[in-house]
Amino acid sequence: MRKIYLVGYMGSGKSAIGRRLSFYLKLPYYDMDHEIVRREKMTIPEIFETHGEDYFRQIETDFLRTFRDEYCIISTGGGVAVNPENRKIMRETGLVLFLDATFPDIWKRIHRDKNRPIVQRSTKEELEQLYHERRKAYKQAAHIIIKTENRTLRQIVEYAGFQVNRLKGE
């Protein structure tokens, strides 16, 4: 287990938890979307507009296959775990933590976000339906499911850190 992957729906807290978990465990942290933006020299909305979603999804898979072989924490994009190949790569190369947030909590965080192409072009009902569809994939990818409702960032980070340290000891 070299990598710790954080999966979950957009707005579930992957980036916020990833940054804090990095500090807590003293491991480098990478945000997959930020790394893709850096590599492609385009924002995610620009990638979607210029090349389409299929191209973006392929970049995500390539990222998982080729990203540094080091102990680190990676927050994945919200759609990464939907692809069975991505789930397989993550499960084989690391520990997958699913940040399981409720849709009402997620909606509060994402509904005004201009950097999420899918939020801009979807209704609340469509996003909630997608949330339920993707939840199955997150559960299939996960080694550990972390419920985030009514928990502070600190509680989530400490629990995730405890799980990582517990499994490292095995």
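**Strands and a helix, step by step**

Reply: Gladly. Ile4 stands opposite Leu95 in S4. Keep in mind that this is a predicted model.

Me: What makes S1 and S4 a pair?

Reply: Pairing takes at least two bridges between the strands. Strand S1 (residues 3–7) and S4 have 5 bridges, in the parallel sense. They therefore count as paired.

Me: How do you know that S4 and S5 pair?

Reply: Apply the cut-off of at least two bridges. S4 and strand S5 (residues 144–147) share 4 bridges, again parallel, so the pair qualifies.

Me: Why is S4 called mostly covered?

Reply: Buried means under 20% relative accessible area. In S4 (residues 94–100), 7 of its 7 residues are buried.

Me: What makes the buried residues of H5 line one face?

Reply: The buried residues in helix H5 (residues 84–93) include Asn86, Arg87, Ile89 and Met90. Seen down the axis of H5, the buried residues fall within an arc of 165°, so they line one face of the helix. They pack against S1, helix H4 (53–66), S4 and helix H8 (124–141).

Me: Why are Pro84, Lys88 and Glu92 called exposed?

Reply: Exposed means over 50% relative accessible area. Pro84, Lys88 and Glu92 carry that label, on the other side of H5.

How values were computed. Residues are numbered from 1 along each chain as its sequence is written. This is a predicted model: local features need pLDDT of at least 70, side-chain atom pairs count only at pLDDT 80 or more; totals for chains, interfaces and linings use all residues. Side-chain values use heavy atoms; hydrogens and water are left out. Buried means under 20% relative accessible area, exposed over 50%, partly exposed in between (1.4 Å probe, protein chains only). Helices (H or I, at least four residues) and strands (E, at least two) are DSSP runs, numbered from the N terminus. The arc is that of the directions from the helix axis to the C-beta atoms. Contact means heavy atoms within 4.5 Å.
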